[in-house]
Amino acid sequence: MGSDLADIPKWAQRYARNRTLGVAWMLAVVLVVPCAMTGLALVCGWVFRRGQRSLGVAGAVFLVGLTVWWVWFLAVGVRRFAAYLSGRLYTEEGTALAAGGAPCVAGRATRWIGPLFGACVGATVVLVGLGSIPLRLMQPVTALYGVPFLVYLVLVQRQAASPFLLLWPFLYAVHAALIVAGVPLNVPERYAGLDVVIPMAGYGLLAALLGHAYSRYALWRLRRLTRSPEGAAR
Amino acid sequence: MNEPDPEIHQPTRLRIMMLLSGLKAADFKFLATTLGLTDGNLSSHMQRLETAGYVEVAKEFEGRLPRTSFRLSARGKSSLAAYWRAMDAIRSTRP
């Protein structure tokens, strides 16, 4: 087989697997919304304490609505949103779907993996609320189940997902290990929820952006390999 | 000795087949921009590959816009493998 031509499927696959800009944008939203909600909650409390109670209550009601929407988004809308973003962001390049994945295995496993992950999150929230888990250690505790969950999600789709996404759980685990070792990576206690959100979405965003950068290189290689005399003469 | 399949042996169609062999599916726009072909040129090549049964075509709507996707058929995969076997055989007989 001609060596240049033999490389076409490899680079096509690498390009398609690393079209992660949709994931990056989705994680940017996942990063920004909880930060905005935390900020809004602080402002509502401040306004309420200053005597403008109706404004504080209105803000709190808005915050409750935003929280309901957020839960729906994470449970239902997030996948559709990523697919929509991916389609929009790569409009100029067209659509290429990576082969592979293991949909039957993923389908069976997600029946119990998803609820199990949700139960772990719920248990963490309750235990932190009861004071059984110190706020400082909330991120390392979530890493105990979050890291295997993310590794599973990437590996189960290993033929279709960007390998760069494995950086996500790796960096999250390193972050957890550093906190346990006493490195001061925690945010102030009043923003404690962001201790989990910032590294979870931030490292995911970083991994997705690296995947996207690699997809640019893969597309450049692919175009060099696939330009036929007809295409080159265009 | 087997002759190389003329439907695949043409340089542009060979590149299309190789490109599709690395993917689950690709749409018309991706193929046209990646290969650097005009719509008309790509259409005629895809028509030939479809007629030969080497690619499967799926047409769907994204909102109001039609989108045509292609994937290599089982016959296309086996023909591509047979093509490279034929090419290897030709190369092995070269003095």
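Predicted model: local features only at pLDDT ≥ 70, side-chain atom pairs only at ≥ 80, totals over all residues.
Chain A first. Read from the N terminus, the order is α-α-α-α-β-α-α-α-α-α. The C-alpha trace of chain A spans about 75 × 35 × 35 Å along its principal axes. Of its 234 residues, 37% count as buried. Contacts within chain A reach across the sequence: among those between residues at least 6 apart, 82% join residues at least 24 apart.

As for the surface, chain A exposes about 12,800 Å², and carbon and sulfur atoms supply 70% of that. One nonpolar patch, of about 370 Å², is made by A:Phe170, A:Val174, A:Leu178, A:Val183 and A:Leu185. A:Val174 sits in helix α7 (residues 167-180) of chain A. With a relative accessible area of 32%, A:Val174 is partly exposed; it qualifies for the patch because the cut-off there is over 30%.

Now for the meeting of the two chains. Here, 30 residues of chain A are in contact with 29 residues of chain B. About 2,400 Å² is buried between chain A and chain B, with 57% of this area coming from carbon and sulfur atoms. No salt bridges turn up across this interface, but nine residue pairs are in polar contact between chain A and chain B, both partners being at pLDDT 80 or more. On the chain A side, the elements giving two or more residues are α1 (3-6), α2 (8-17), β1 (96-98), α8 (194-226) and α9 (229-232). The top contributor on that side is α2(A), with six residues.

A:Glu93 counts as buried at 12% relative accessibility, whereas A:Arg216, at 29%, counts as partly exposed. Another bridge in chain A joins A:Asp7 and A:Lys10, with 3.5 Å between the closest N and O atoms.

In chain B, B:Glu7 forms a salt bridge with B:Arg48 at 3.2 Å between the closest N and O atoms. B:Glu7 belongs to helix α1 (residues 6-9) and B:Arg48 to helix α4 (residues 39-51) of chain B, so the bridge ties together parts that are 41 residues apart in sequence. B:Arg13 joins in too, linked with B:Glu7 and B:Arg48 in a network of salt bridges.

Definitions and conventions
Residues numbered from 1 in each chain as written. Chains lettered and ligands numbered in written order. Heavy atoms only, no water. Patch = residues over 30% accessible without salt bridge, like charges linked within 9 Å, V, L, I, M, F, W, Y side chains within 5 Å. Areas by Shrake-Rupley, 256 points an atom, 1.4 Å probe, with all protein chains shown as cover. Salt bridge = Lys/Arg side-chain N within 4 Å of Asp/Glu carboxyl O. Helix = DSSP H or I, 4+ residues; strand = E, 2+ residues; numbered from the N terminus. Buried < 20%, exposed > 50% of the residue type's maximum accessible area, 1.4 Å probe, protein only. Contact = heavy atoms within 4.5 Å. Buried area = accessible area lost by both parts, 1.4 Å probe. Polar contact = N/O pair within 3.5 Å; in protein donor to acceptor, adjacent residues only side chain to side chain.
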